[in-house]
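My entries follow in the order in which I looked things up.

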2 protein chains.
Amino acid sequence: MADAAVRPETPASDSRTPAGGAPTAAHTAAEAAEARIDIDAVTNLLLGTWADTRREARELIKDTAFWQVNDLTVAEHRERTLTQLHLLADNGGGRRAFPAEYGGGDDNGANLAGFEELVLADPSLQIKSGVQWGLFASAIYQLGTKKHWDKWLRPVMSMELPGAFAMTETGHGSDVAAIGTTATYDPDTEEFVIHTPFRAAWKDYLGNAALHGKAATVFAQLITGGVNYGVHCFFVPIRDDEGAFLPGIGGEDDGPKGGLNGIDNGRLHFDHVRVPRENLLNRYGDVAPDGSYSSPIDSPGRRFFTMLGALVQGRVSLDGAVTTASALALYIAITYGNQRRQFDSGAGTDEVMLLDYGKHQRRLLPLVAQNYAQFFAHDELLRKFDGVFSGRADTPEEREDLETLAAALKPLSTWNALNTIQESREACGGQGFLAENRMTGLRHDLDVYVTFEGDNNVLLQLVGKRLLSDYAKQFKGKDAAALARFAAAQTAGKVFHGAGLRRLGQAVADFGSTARSVELGLRAEQQHEILSGRVEQMVADLAAALRPASKLDTAEAAALFNRHQAELIEAARAHGELLQWEAFSDGVKAVTDPGTRQVLTWLRDLFGLHLIEKNLAWYLINGRLSTQRAAAVSRYIDRLCARLRPHAQDLVDAYGFAPEHVRAPIASGAERVRQEEAREYYRARAAAGDEPISEKALQKGRTLQTK
Amino acid sequence: MADAAVRPETPASDSRTPAGGAPTAAHTAAEAAEARIDIDAVTNLLLGTWADTRREARELIKDTAFWQVNDLTVAEHRERTLTQLHLLADNGGGRRAFPAEYGGGDDNGANLAGFEELVLADPSLQIKSGVQWGLFASAIYQLGTKKHWDKWLRPVMSMELPGAFAMTETGHGSDVAAIGTTATYDPDTEEFVIHTPFRAAWKDYLGNAALHGKAATVFAQLITGGVNYGVHCFFVPIRDDEGAFLPGIGGEDDGPKGGLNGIDNGRLHFDHVRVPRENLLNRYGDVAPDGSYSSPIDSPGRRFFTMLGALVQGRVSLDGAVTTASALALYIAITYGNQRRQFDSGAGTDEVMLLDYGKHQRRLLPLVAQNYAQFFAHDELLRKFDGVFSGRADTPEEREDLETLAAALKPLSTWNALNTIQESREACGGQGFLAENRMTGLRHDLDVYVTFEGDNNVLLQLVGKRLLSDYAKQFKGKDAAALARFAAAQTAGKVFHGAGLRRLGQAVADFGSTARSVELGLRAEQQHEILSGRVEQMVADLAAALRPASKLDTAEAAALFNRHQAELIEAARAHGELLQWEAFSDGVKAVTDPGTRQVLTWLRDLFGLHLIEKNLAWYLINGRLSTQRAAAVSRYIDRLCARLRPHAQDLVDAYGFAPEHVRAPIASGAERVRQEEAREYYRARAAAGDEPISEKALQKGRTLQTK
């Protein structure tokens with residue numbers, strides 16, 4: 001299925017040409033007389049637990065039919081993405097997560113893994129699939145019961161029934177509990193009346209709503225017998241077979257967006273639309289024909305969060321998709337930086353390869369380290385998700401941990417993706433701005449990932465609150481004097497157990513023997529101590545600062561909390577970064593090949609030091625690093641960058657992308673061909689002796705003559 | 001010319017509704033019993049020296065014909081922008097900079113000021129104007145002589161002769177001196193032969209090259225008599241009246257880009273194309289009929305930089321355009337944040353206005369402060385530019401200062417623009433991602449500003465080198481022992497004079513009496529000392545680190561330099577930020593109205609503290625701030641944000657944008673109308689007593705009954 005146009009003119013492995021002029025280091029691991037990674041083995045590591053599914057998905061999207069095309073109108077892009085979705089459905093793309101009895105694969109982890117890879121073809125395809133199977137179908141499956149599955153799962157899987165996930169309203173994005181749409185039960189007809197009471201309660205930003213959706217899973221306040229039982233989800237048909245809105249349904253197109261224009265986002269509103277009682281997706285709450293309400297979960301708050309938690313897979317999959325998209329941008333920028341030359345070094349030799357510049361290494365290599373950390377952390381997240389959703393490890397605690405972990409990792413990886421893609425694009429200069437080189441398109445499409453499926457700042461606040469409540473649990477039953485002693489001794493953090501991949505404070509493996517961290521005090525163990533110490537202290541400090549809240553009235557308590565909002569978010573971010581670091585470290589620990597282990601340990605160190613450098617002021621102010629040790633951090637990063645420079649191409653080759661996934665002309669080898677042609681031209685002219693002499697040389701000659 | 005659709009549904013000044021629930025501060029300056037800015041006066045301040053021209057340009061672009069339209073194909077957008085350019089030409093848009101005898105306005109400062117405002121209509125229009133009049137026409141005017149002006153200036157000003165500025169090559173972007181295109185003089189026919197020797201020497205990314213350009217100013221190595229006299233510029237016709245390439249000319253379309261798709265960027269190449277000897281733009285270098293070369297500037301290096309310097313206006317104008325574009329994004333985000341409510345405070349009152357959240361203030365208000373600083377710094381830059389180009393203050397020193405200043409400010413403001421627009425878009429959530437709300441489009445279009453007209457990192461290196469050479473001049477004639485004493489005492493920096501708006505070390509005004517900085521040690525004078533001390537020390541440290549270079553061979557010296565590349569860039573950035581701070585301070589100093597002066601002083605303090613916070617680790621490591629003082633920085637920023645929050649709307653209203661410039665529905669008041677409709681709905685239901693009771697209340701009731 002390969003298109004010859006995207007195949008490199010010379011194989012990428014040929015980029016291992018010897019160093020030209022100064023300032024240059026070894027360009028490749030082969031030149032460096034040191035350890036080298038086993039590229040294939042690292043590819044397997046990065047592809048993770050569901051490597052086979054990922055390979056299968058990558059193979060499928062080698063078909064040009066799945067590729068993003070630049071310069072389509074919104075209408076054309078939407079049409080193309082719809083066609084791709086049908087093609088994907090025909091290839092079984094939407095089935096993996098659903099039960100075998102409906103033709104599904106009963107494999108939640110594999111489902112997300114395969115779905116994430118679609119970002120390489122076109123992020124619009126990834127997200128429209130997500131709307132159809134990850135949100136619309138999942139609402140039916142996770143919030144509904146057998147009667148709903150029997151009716152709708154098959155046509156939804158096959159794309160016969162495209163649908164919208166109607167949760168967000170214009171007036172309420174992140175605050176789902178406050179939505180205005182109502183579903184009032186009418187016992188006379190045994191129907192729910194779905195109604196939009198005012199403009200702010202229009203459903204908004206819904207994929208499949210503007211054009212393609214025939215039904216929607218609509219979230220509304222369930223009212224029966226004069227009581228509001230909170231947000232529930234209803235299956236509501238919205239369009240007839242000709243695509244016209246059904247009676248009582250109205251809507252609007254959201255129009256062109258900053259990216260993801262293959263998806264027909266739109267608005268929906270309901271004017272007393274009646275649906276049968278059975279259309280309530282009733283796994284977590286039901287209404288009997290007489291209008292009486294029942295639920296397996298008594299607490300309205302816990303019920304609400306359980307329903308939302310059942311839809312966590314969106315967040316999980318975004319973390320993986322943006323990690324892969326970032327890897328693509330880094331592959332392009334590093335490959336180009338390893339071929340492109342600009343400015344001579346002043347040493348009279350060749351122009352300098354971009355990746356030999358200190359600044360170029362500094363801007364890109366820490367991002368490669370960060371991206372590797374994300375791959376490892378994401379695989380852990382995906383395994384936890386699979387454990388919960390397969391039922392193998394489905395306890396309330398596991399669910400809560402999963403939700404917290406997803407809420408911690410998704411913000412970091414989506415923000416990192418925007419930064420990484422942008423830095424990669426800038427590192428490629430004008431070439432990076434051409435749409436054909438992919439990076440601007442990825443940047444546009446991924447922009448919204450930082451605010452959808454939970455605004456990043458809102459998610460991090462959830463994580464922060466969980467950290468605070470876990471912290472508070474340690475002190476249950478302890479008296480005020482004991483608490484004061486904790487606070488005074490600044491050791492409170494030591495007993496703190498955070499949520500996530502592992503409990504904080506649990507020892508990680510000792511890397512002392514293999515880590516070649518030459519800077520005393522910045523080896524693996526110390527990195528862990530430094531990073532985890534920060535989380536612990538930030539949470540302890542916050543808890544202390546917020547303690548007076550219990551004695552304040554609600555408004556004053558809210559104001560106190562608000563004054564510490566930015567710190568709460570920062571603590572959650574620190575927690576997420578620690579989890580990424582730990583996942584990377586665990587990943588490296590599992591490597592047996594010495595060369596691979598060595599290089600990945602350097603890369604893990606670069607990630608750890610990069611995190612520490614970002615917050616260096618905090619460590620200094622809080623007495624966690626001496627000024628000497630702090631000053632060593634940046635120098636150590638410089639050294640790690642220089643050490644990793646020869647391995648840069650190996651590290652991005654290990655992403656395992658085929659030319660059909662990359663498709664960026666600047667990463668195809670064309671740049672090296674151009675450079676070599678130019679150099680050959682000058683060599684030939686010099687050899688033939690018909691090169692013009694430079695004015696400078698002429699002036700020097702004159703000066704000599706006059707003397 | 002106003003389109004009713006963009007006019008707000010309720011006037012923006014109505015946003016001054018009283019505070020709703022907690023946590024809220026005063027929402028408006030009117031509520032706060034404090035100083036308040038005089039909005040009109042601040043608008044005048046921000047519009048600066050050429051306020052009249054800016055107002056005139058803003059009036060012109062109220063015409064819908066100039067507005068960016070979303071969802072055009074590349075071809076349609078290019079056609080629309082071309083039409084706009086003709087319309088602009090018909091309105092005299094391209095004439096301001098040129099001599100009166102050719103129908104111009106002889107006003108360089110006004111020219112750039114007017115040009116910068118076009119970014120509000122469509123950045124493609126701004127940049128295509130820049131290509132035609134700022135680059136193509138300027139090359140003819142600045143590098144050519146009267147014979148060229150007589151022939152081409154009029155048709156170029158009127159758009160009868162659209163042209164490309166053919167400097168950049170695929171193989172050489174930032175390194176213009178190394179371009180491969182040759183212009184070899186043939187004395188037999190008295191012609192230059194323009195030739196592209198290899199693929200990497202194709203001219204690339206040229207606006208007007210893909211479609212509309214009829215001629216190009218082509219930069220090439222001038223070779224005559226077997227000597228290469230370096231890069232010169234030639235006027236080369238490229239297309240006939242039907243738009244077909246002339247013989248020997250070839251080209252390619254650059255295709256869709258990440259933004260600015262109204263401009264037809266493309267590639268050009270030349271196969272032994274002959275142009276008359278007179279087509280050499282010969283102000284700085286000429287070839288006589290017999291082939292002998294002459295130049296008013298002997299040194300080839302100085303000549304090259306003089307020619308490039310004559311084209312500095314591109315960089316100057318980008319600094320202004322992105323500052324205005326950032327202001328637009330901030331206007332939208334602050335206005336929306338002042339109307340949009342989300343999540344209730346827990347205090348049972350209204351939902352909280354976004355701008356009342358601590359994090360929301362923290363993410364947006366420092367950017368407003370930064371943007372104000374840029375307005376003041378840009379006006380100083382523009383005045384310096386006007387001084388040089390009007391001839392009033394045209395000395396080699398002034399030219400060098402101007403170039404250094406432009407190279408320092410353009411990178412900061414263009415990077416800041418991308419961050420500011422992105423933060424603004426994220427602060428508006430899903431609404432921010434809709435194209436109609438402008439921010440994604442601005443982000444796409446401005447992306448390339450950070451790498452064109454001089455890659456930002458390359459420009460900052462130029463600034464860094466200038467700082468180093470100015471520093472070195474202080475020591476001319478001093479012996480090694482004296483230097484060592486300087487270094488040892490760490491006072492070397494004190495005698496350092498940097499380039500820019502003013503000489504470093506020159507005292508700035510004492511703000512002690514008016515600045516209400518309550519934090520001891522962080523008042524205006526200390527901010528200046530802290531910021532300038534950093535620049536001085538960074539430069540002194542770099543100079544010390546690079547001193548051994550003079551004793552090394554070229555390759556080793558280059559390697560040494562390369563190891564410090566990132567620090568050099570950082571020093572230049574610190575220098576640019578200091579200049580912005582100083583410009584802001586000077587701007588505030590000129591204000592007489594006490595309320596305005598008070599609020600702008602807080603804002604200037606916020607900017608200063610924001611800069612210090614960014615580099616807090618550096619100040620701690622280098623012993624410039626104690627940990628106590630460093631810890632106070634963030635707390636002080638929090639307090640300044642809270643203090644400025646009621647003034648936020650005033651500060652963005654002072655940008656002076658009309659609805660026709662904003663055009664974002666979310667900043668039109670529609671959000672407030674929606675919120676009020678929703679609140680009215682709930683109020684009415686509560687009053688009528690037909691509101692469903694909440695399940696929680698029901699459960700509480702039950703519990704009470706059982707008791």
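Which residues have the most contacts inside the largest nonpolar core? I found L143(A), Y372(A), Y655(A), L143(B), Y372(B) and Y655(B). That core has 347 residues. A nonpolar core here is a set of buried Ala, Val, Leu, Ile, Met, Phe, Trp, Tyr and Cys residues joined through side-chain atoms within 4.5 Å. Buried means under 20% relative accessible area, exposed means over 50%, and partly exposed lies in between, with a 1.4 Å probe and protein chains only.

**Ground rules**

I noted that this is a predicted model, in which local features need pLDDT of at least 70, side-chain atom pairs count only at pLDDT 80 or more, and totals for chains, interfaces and linings use all residues. Residues are numbered from 1 along each chain as its sequence is written, chains are lettered from A and ligands numbered from 1 in the order in which they are written, and side-chain values use heavy atoms, with hydrogens and water left out.

**Confidence**

I checked the scores next. The model has ipTM 0.92 and pTM 0.93. pLDDT is the predictor's confidence in each residue, from 0 to 100. Chain A averages 89, and 89% of its residues score at least 70. Contact means heavy atoms within 4.5 Å. Where pLDDT is low, the predicted coordinates should not be read in detail.

**Chain A overall**

I counted 24 helices and 14 strands in chain A. Helices (H or I, at least four residues) and strands (E, at least two) are DSSP runs, numbered from the N terminus. Of the 707 residues of chain A, 62% count as buried. Among contacts in chain A with a separation of 6 or more, 74% join residues 24 or more positions apart.

How is chain B superposed on chain A? A rotation of 180 degrees with 0.0 Å of shift along its axis does it, at RMSD 0.0 Å. The two copies are thus related as by a two-fold rotation axis. Of the residues of chain B, A617(B) comes closest to the axis, with its C-alpha at 2.1 Å.

The contact takes 99 residues from chain B and 99 residues from chain A. About 8100 Å² is buried between them, and carbon and sulfur atoms give 59% of that area. Buried area is the accessible area (1.4 Å probe) that two parts lose on being put together, summed over both. In chain B, K359(B), F433(B) and E695(B) lose the most area to chain A, together 9% of what that side buries. I found that 100% of the interface residues of chain B are also interface residues in chain A, so the copies meet through the same surface.

**Single residues**

I looked at F343(A) in strand β12 (residues 341–344) of chain A. F343(A) is partly exposed, at 27% relative accessibility. Leaving out residues up to four places away in sequence, F343(A) touches E351(A), V352(A), Y357(A), S174(B), D175(B) and V458(B).

Q675(A) sits in helix α23 (residues 670–688) of chain A. Is Q675(A) buried or exposed? Q675(A) counts as buried, at 9% relative accessibility. Beyond four places in sequence, Q675(A) contacts Q339(A), R340(A) and R341(A). The C-alpha atoms of Q675(A) and R341(A) are 7.7 Å apart, although 334 residues separate them along the chain.

Last, I logged R438(A), in the loop between α11 (429–433) and α12 (439–446) of chain A. Its phi is near 75 degrees, a positive value in a residue other than glycine. R438(A) is buried, with a relative accessible area of 8%.

How values were computed: Least-squares fit on C-alpha atoms with pLDDT ≥ 70 in both.
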